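Hello,

I am passing this structure on to you. Please look through it first; my notes on what was found follow below.

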Amino acid sequence: MRRKDREIKGDRNLEILETGVWGTLSLNNPGKAPYAVPMHFLLSEDKTFLYIHGAADGHKNTLIRHDGKATLTIVENVLVSMDKFNTAYDSVILTGDIEPIVLKDEKIQALTGFAKKYTEVSNTDTLNFINSFLPRVAVFKFKINSLSGKSHR
């Protein structure tokens, strides 16, 4: 990192991963521009990987299955100061390997975690909802290989 004075170290990176709402997932797109898509994400309990979910079919899934290398960029706490020509922010960039989760129980566990993070729905309603769309959703595991955080205040 060029600006070491803006580097985020230690637990603050994990806080951003725990509380962040969305990030941009970037994938290799052979012979074309990189493919980038905004995604919700969920940090695993052991903090070694993220869960990402989306439709069971589509270009993102094809690229993940083809290559499995990815970058995720998360930007939080953005405050534009127009009078100062400045923007305050916290960001984390992760690189890693991403793969589909095939075990039904693991998919349900991950989707239940998403529901706890992003909704206030009861457990019973959550499981009913998850089971209703489970065949149409893909869940991926993004193993964190590197992580770099940066903040500007």
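Pro30 lies in the loop that runs between β2 (23–27) and β3 (35–39). Please keep in mind that this is a predicted model. With a relative accessible area of 53%, Pro30 is exposed, since the cut-off for that word is over 50%. Leaving aside residues up to four places away in sequence, Pro30 touches Leu63 and His66. As for Leu111, 81 residues separate it from Pro30 in sequence, and the C-alpha to C-alpha distance between the two is 30 Å.

**Aromatic pairs**

How many aromatic pairs does the count come to? The count is 3 aromatic pairs. In one of them, Phe49 and Tyr51 have ring centres 5.1 Å apart and planes at 90 degrees, so this pair is edge-to-face; the planes need to be over 60 degrees apart for that label. Phe49 counts as buried, at 13% relative accessibility, and Tyr51 counts as buried as well, at 7%.

Phe114 and Tyr118 also form an aromatic pair, and this one is stacked: the centres are 6.2 Å apart, with 20 degrees between the planes. Both residues belong to helix α3 (residues 104–118), and because they are 4 residues apart there, about one helical turn separates them. Is Phe114 buried or exposed? Phe114 counts as buried, its relative accessibility being 5%. Tyr118, in contrast, is partly exposed, with a relative accessible area of 27%; that value falls between the limit for buried, under 20%, and the limit for exposed, over 50%.

**Charges over rings**

Which residues make the nonpolar surface patch? Val75, Val78, Val80 and Met82 do, and the patch has an area of about 410 Å². Val80, one of these residues, is found in strand β6, which covers residues 69–81. Val80 is exposed, because its relative accessible area is 53% and the cut-off is over 50%.

That is what I have to hand over.

Regards

Notes:
Residues numbered from 1 in each chain as written. Predicted model: local features only at pLDDT ≥ 70, side-chain atom pairs only at ≥ 80, totals over all residues. Heavy atoms only, no water. Patch = residues over 30% accessible without salt bridge, like charges linked within 9 Å, V, L, I, M, F, W, Y side chains within 5 Å. Areas by Shrake-Rupley, 256 points an atom, 1.4 Å probe, with all protein chains shown as cover. Salt bridge = Lys/Arg side-chain N within 4 Å of Asp/Glu carboxyl O. Helix = DSSP H or I, 4+ residues; strand = E, 2+ residues; numbered from the N terminus. Buried < 20%, exposed > 50% of the residue type's maximum accessible area, 1.4 Å probe, protein only. Contact = heavy atoms within 4.5 Å. Phe/Tyr/Trp six-rings, centres within 6.5 Å; stacked < 30°, edge-to-face > 60°.
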